[in-house]
Amino acid sequence: MKGLVFTEFLEMVEATFGDDMVDTLIDNTNPASGGAYTAVGSYPFSELENMVVELSTQSKLSIDDLLQTFGAHLAKVFSQKFASFFVEAGSAIAFFREIDRHIHVEVKKLYPDAELPVFSFEEANDTTPFTLHYRSERNLHMLAYGLIKETLTYYSQPHSIELEHWQENGQYHCKFALVPKD
Ligand code: HEM
């Protein structure tokens with residue numbers, strides 16, 4: 001997993017829980033990499049998993065809540081660092097259509113060793129709302145949930161998000177149905 005995810009995770013931990021918590025997580029999970037993450041490096045996903053579990057123990061917040069908060073943090077960072085994707089898309093739904101066919105494609109060019117989820121979507125019709133379908137070897141659908149929620153906030157386009165998640169053939173799946181709020 002890309003170092004950018006680790007550096008941003010630890011930024012979020014520092015801003016929300018203080019810098020002592022960063023030290024506690026690294027001391028208690030003892031990552032093989034040593035814990036001195038750089039944005040351009042790559043590190044085992046298990047090191048992030050261990051830190052999230054430890055943060056849940058330390059903070060008494062659920063893993064799902066922590067992943068969601070981290071997703072929202074990432075969306076804020078991405079909307080500044082990769083602002084052009086957000087500006088070009090112009091709306092939340094247009095942005096979500098572009099994750100798989102444009103945004104993550106560019107991410108892969110920038111970081112060839114990035115391990116990305118797959119997103120497909122179904123357009124809204126008379127009976128069902130626009131639905132984004134997440135698929136990954138990693139169980140990070142709540143990270144996606146935070147990213148989606150914050151992206152809707154970025155575009156000031158309130159929607160309620162109905163999610164359904166399951167595992168199939170060793171992959172984690174989640175469907176996010178986005179129902180416009182008026
Ligand atoms: C400009 C916007 C975006 C950029 C630059 C971006 C970039 C990235 C990068 C660098 C990674 C890490 C890959 C690795 O560690 O190897 C990643 C992973 C991920 N991205 Fe994106 N992303 C963007 C938007 C989104 C959005 C809107 C969503 C959700 C709907 C999303 C969902 C995810 C998830 C869930 C992962 C974790 C890996 C996994 O679940 O398998 N991304 N993205």
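**Close-up views of the ligand and its surroundings**

Helix α6 gives the largest share of the shell around the ligand, namely 5 residues. This is a predicted model, in which local features need pLDDT of at least 70 and side-chain atom pairs count only at pLDDT 80 or more, while totals for chains, interfaces and linings use all residues. Residues are numbered from 1 along each chain as its sequence is written, and side-chain values use heavy atoms, with hydrogens and water left out.

**View 1. The shell around the ligand.** The ligand is surrounded by 25 residues, of which the closest are Lys2, His104, Glu115, Tyr134 and Ser136; a residue is near a molecule if one of its heavy atoms lies within 4 Å of it. By type, the shell holds 20 nonpolar residues (Ala, Val, Leu, Ile, Met, Phe, Trp, Tyr, Cys and Pro), 2 polar ones (the others, Gly among them) and 3 charged ones (Asp, Glu, Lys and Arg).

**View 2. The iron atom and His104.** His104 has its place in helix α6, and its NE2 atom, at 2.1 Å, is the only protein donor of the iron atom of the ligand. Donors are N, O and S atoms within 2.8 Å of the metal (3.2 Å for Na, K and Ca), and water is not among the atoms, so sites may look incomplete. A polar side-chain atom of His104 also lies 3.0 Å from a nitrogen atom of the ligand.

View 3. A polar contact here is a pair of N or O atoms within 3.5 Å. A backbone N or O atom of Glu115 lies 2.6 Å from an oxygen atom of the ligand, and a polar side-chain atom of Ser136 lies 2.6 Å from an oxygen atom of the ligand. Two or more residues of the shell come from each of α5 (83-89), α6 (92-110), β2 (130-136) and α7 (141-154).

**View 4. The elements of the chain.** The chain has 7 helices and 4 strands, which are DSSP runs numbered from the N terminus (helices H or I, at least four residues; strands E, at least two). From the N terminus on, the order of these elements is α-α-α-α-α-α-β-β-α-β-β.

Definitions and conventions. Polar contact = N/O pair within 3.5 Å; in protein donor to acceptor, adjacent residues only side chain to side chain.
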